[in-house]
Amino acid sequence: MTVSLRPAEAADVPRVGRLHHRSRAAAYRDLLPAEALEVPTADMMADWWVARWPYERDTHLMTVAEHDGQLAGFTYLGPDEDGDPDAGELYAIHLDPDLQARGIGRALMVDALAELHRRGFRRALLWVLTGNTHARRFYERGGWRLDGTHREVSYGAVRTPQVRYARPLP
C-alpha cells in the first residue's frame, strides 16, 4: 500500500474533521453510549477544525496521510498542554476506519515522533481512553509507556477516564 504524508493545507481541514468524526465513532462505539458519539456531528467536527486550525498552525502541526488520492488519516501535534517545555504532545492520530491495520497509523506515528524531535522536545506525550485497549496496544507496540497520570474528559454528558502515555524522543 502506498501512503504519502504531508503537512495539511486549509482545503484538507474540513475533510480531517469528518474523518475525525468517523474514526472516533468507530473507535469508541464499544466504550461510549451512542448518544455521546452523535454530537458533535461530522459537519460540526469539520467546522470545529476549520475554526481551530488557523489559530494554532504556528505552534501545532497537522499531517495528513493519503492513499490513492483519498484522506486516510491524520495526526495533530504540538507543545504539551500542561506547559512542560521538554514535552511535545501527540493530540490526535486518527485513521479512516476502513484503512486500519495497513501500516498507515504506524507511518503517522513515526512521522509525528520525528517531528516532535525536530521541534526540540525530549519526550512525547499522548492521552488515550482507559478502555481503548486497541489503541493502547498500538501505542505500546510503538514504544509508549504509561506514566501514571490520569484524567477524565467529557463526551457530551459522559465522563470518561483517560491515561497518559509517554516515550523518550531520540
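Rings of Phe, Tyr and Trp, the last represented by its six-membered ring, pair if their centres lie within 6.5 Å. In this predicted model, such ring pairs link Trp 48, Trp 49, Phe 74, Tyr 76 and Tyr 91 into a cluster. The structure holds 7 aromatic pairs.

**Aromatic pairs**

- In the pair formed by Tyr 76 and Tyr 91, the ring centres are 6.0 Å apart and the planes stand at 45°, so the pair is tilted.
- Tyr 76 belongs to strand E3 (residues 70-79) and Tyr 91 to strand E4 (residues 87-95), so this pair ties together parts that are 15 residues apart in sequence.
- Tyr 76 has a relative accessible area of 1% and is buried, whereas Tyr 91, at 24% relative accessibility, counts as partly exposed.
- For Tyr 139 and Tyr 165, the ring centres are 6.5 Å apart and the planes lie at 45°, so this pair is tilted.
- Tyr 139 is located in helix H5 (residues 133-141) and Tyr 165 in strand E7 (residues 158-168), so the pair ties together parts that are 26 residues apart in sequence.
- Tyr 139 counts as buried at 8% relative accessibility, and Tyr 165 is buried with a relative accessible area of 0%.

**Packing of helices H1 and H3**

- Two packed helices are described by the angle between their axes and the distance between the axes.
- Helix H1 (residues 13-28) packs with helix H3 (residues 42-56) at an angle of about 130°, and their axes are 7 Å apart.
- The crossing in which H1 passes H3 is right-handed.
- On the H1 side, the contact is made by Val 13, Pro 14, Val 16, Gly 17, Arg 18, His 20, His 21 and Arg 24.
- On the H3 side, the contact is made by Ala 42, Asp 43, Met 45, Ala 46, Trp 49, Val 50 and Trp 53.
- The residues of this contact of H1 with H3 comprise 9 nonpolar, 3 polar and 3 charged.

**His 21**

- His 21 lies in helix H1 and is buried, with a relative accessible area of 17%.
- The C-alpha atoms of His 21 and Ala 42 are 5.2 Å apart in space, while the two residues are 21 residues apart in sequence.
- With neighbours within four places in sequence left aside, His 21 is in contact with Leu 37, Glu 38, Pro 40, Thr 41, Ala 42 and Met 45.

**Asp 68**

- Most residues other than glycine have a negative phi.
- Asp 68 has a positive phi of about 50°, although it is not a glycine.
- Asp 68 is placed in the loop between strand E2 (61-67) and E3.
- With a relative accessible area of 66%, Asp 68 is exposed.

**Arg 159**

- Arg 159 is found in strand E7, the strand that also holds Tyr 165.
- The relative accessible area of Arg 159 is 49%, and the residue is partly exposed.
- Not counting residues up to four places away in sequence, Arg 159 touches Glu 152, Val 153 and Ser 154.
- Arg 159 and Ala 124 are 35 residues apart along the chain, and their C-alpha atoms are separated by 25 Å.

Key. Residues numbered from 1 in each chain as written. Predicted model: local features only at pLDDT ≥ 70, side-chain atom pairs only at ≥ 80, totals over all residues. Heavy atoms only, no water. Axes fitted to C-alpha atoms, helices over the stretch in contact; angles between N-to-C directions. Helix = DSSP H or I, 4+ residues; strand = E, 2+ residues; numbered from the N terminus. Left-handed = near helix turned anticlockwise from the far one by under 90°. Contact = heavy atoms within 4.5 Å. Nonpolar A, V, L, I, M, F, W, Y, C, P; charged D, E, K, R; others polar. Phe/Tyr/Trp six-rings, centres within 6.5 Å; stacked < 30°, edge-to-face > 60°. Buried < 20%, exposed > 50% of the residue type's maximum accessible area, 1.4 Å probe, protein only.
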